[in-house]
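Please read each point beside the sequence and the model.

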Amino acid sequence: MGPLRSVVLCGGGTGGHIYPLLAFADCLRRHDPSVRITCLGTPKGLENELIPPAGYDLRQIPAYQLPRSVNMSLVRTPDRMWKAARAAGKVLDEVRADVVIGFGGYVSVPGYLAAWRRELPIVIHEVNVPPGVANRLGMKFTKNIAVGFPHQPAQAESLRDARVVGVPLRRGIAGLDRAAVRDAARAHFGLRPDLPVLFVAGGSQGARSINLAVSGAAKELARNGVQVLHVIGARNEPVSVPTDLPVPYVTLPYLSEMELGYAAADLMLGRGGAMTCAEVAAIGLPTIYVPYPHSNQEQKRNALPVVEAGGGLLVDDAEVTPAWVERTVIPLVRDPQRLAAMGAAAAAYGRRDGDVALLNFVYEAVSR
């Protein structure tokens, strides 16, 4: 198989689709600096804030939320969808695409349709069980399905024949040596080098229940010598933390360089998004997962395998209170031996090579 000349990547809406897309784009560029990389996005998605600053060409096309039930919106969907697919097709023709690779989100569907009409190879990367609605539709047009985690083919019939490649991760995370940069990371946040650090982050949106529980336990955490690095989430209310604590409790609305937070931490407390699970397992960071409770339980399914492997704990959102933090989190973050065992188990489950494994799969699919 010769080099790929032009690749179109589809994925938008949320970080869970865009971050693996960007990590894969970086991998493509590392392996072949001459390859043309074009990303499809929608005018409103988070991709507009993330993809152009990363140095990639983002083409906007109209994309419509796919209805999950039979209603008037479903009646209008074919007309809208073909309009979006025509716009995607113009981009594919202009850049003379060799392959379309989709990571999910509504913008992927027009890309899949346009590629199918042109008989171009389509590769789909999916990280959730069940697969998202856009990728489920895409699977009608291709058998080239890659997944992020080994539990997915066993749990979803549609993924039974998928290739497990891992999740493409940014180099800053995939190559992170936590121990080597721990002191520098702690200094960056104004944390002490000699006391344990609890890193709290509820994903790109934050998590109000986690925020309230940890901030409510601030005095007890400090009394036990536990430092806190707390990413609130840009859309959440600020938390109130006492100002006279004897050890640092640092709050941030958002953290773009998550690798610094991971490096500073002894223990993480967060949600169970697929990207979080992939990142913390790859770098061997012990984590307490509190899956988002108002969904189809996909976050619980994401976190359960690494927890069963010994890499963390799984806790229901309803249980997360200041008293629970005092009872469960404080003893764990102060137990270096238990944390070391958890970290080793997480690292044994996780993988750092998802980007290269997906690239090899794409080459196979195109050569077929």
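**Notes on the predicted model**

1. Helix H12 (residues 274–283) has 10 of its 10 residues buried, so it is largely enclosed by the rest of the structure. Here buried means under 20% relative accessible area, exposed means over 50%, and partly exposed lies in between, with a 1.4 Å probe and protein chains only; helices (H or I, at least four residues) and strands (E, at least two) are DSSP runs numbered from the N terminus. Among the buried residues of H12 are Met275, Cys277, Glu279 and Ile283, and just after H12 Gly284 takes a positive phi of about 70 degrees.

2. On provenance, this is a predicted model, in which local features need pLDDT of at least 70 and side-chain atom pairs count only at pLDDT 80 or more, while totals for chains, interfaces and linings use all residues. Residues are numbered from 1 along each chain as its sequence is written, and side-chain values use heavy atoms, with hydrogens and water left out.

3. An open sheet of 6 strands has the order E10-E9-E8-E11-E12-E13, with parallel pairing, where two strands pair if DSSP finds at least two bridges between them. Strand E10 (249–252) and strand E13 (312–314) stand at the edges with a single partner strand each, so one side of each is left without a neighbour in the sheet. On average, and with direction ignored, neighbouring strands of this sheet are turned by 15 degrees against each other; axes are lines fitted to C-alpha atoms, for helices over the stretch in contact, and angles run from 0 to 180 degrees between N-to-C directions.

4. Within this sheet, strand E8 (residues 197–201) and strand E9 (residues 227–231) run parallel and are joined by 5 bridges, and Phe199 stands opposite Leu229 in E9. Helix H13 (residues 298–308) packs on the sheet, touching strand E12 (287–289) and E13, and the direction of H13 makes about 140 degrees with that of E13; contact means heavy atoms within 4.5 Å.

5. E1 and E2 run parallel and are joined by 5 bridges, with Val7 standing opposite Ile37 in E2. The chain crosses from E1 through helix H1 (residues 15–31) to E2 in a right-handed β-α-β crossover, a term which applies if, with the strands pointing away from the viewer, the path from the first strand over the helix to the second runs clockwise. E2 is also joined by 4 bridges to strand E3 (residues 57–60), which runs parallel to E2, and Thr38 stands opposite Asp57 in E3.

6. Leu4 is found in the segment before strand E1 (6–10), and at 3% relative accessibility Leu4 counts as buried. Leaving aside neighbours within four places in sequence, Leu4 is in contact with residues including Leu28, Val35, Val99, Tyr363 and Val366. By contrast, the C-alpha atoms of Leu4 and Arg334, 330 residues apart along the chain, are separated by 50 Å.

7. How many disulfides does the structure hold? The structure holds 0, a disulfide being a pair of cysteine sulfur atoms within 2.5 Å. Cys27 is in no disulfide, and the nearest cysteine sulfur, that of Cys39, is 14 Å away. The sulfur of Cys39 is 8.8 Å from the closest cysteine sulfur, in Cys10, which is too far for a bond. At 0% relative accessibility, Cys27 counts as buried, and Cys39 counts as buried at 0% as well.
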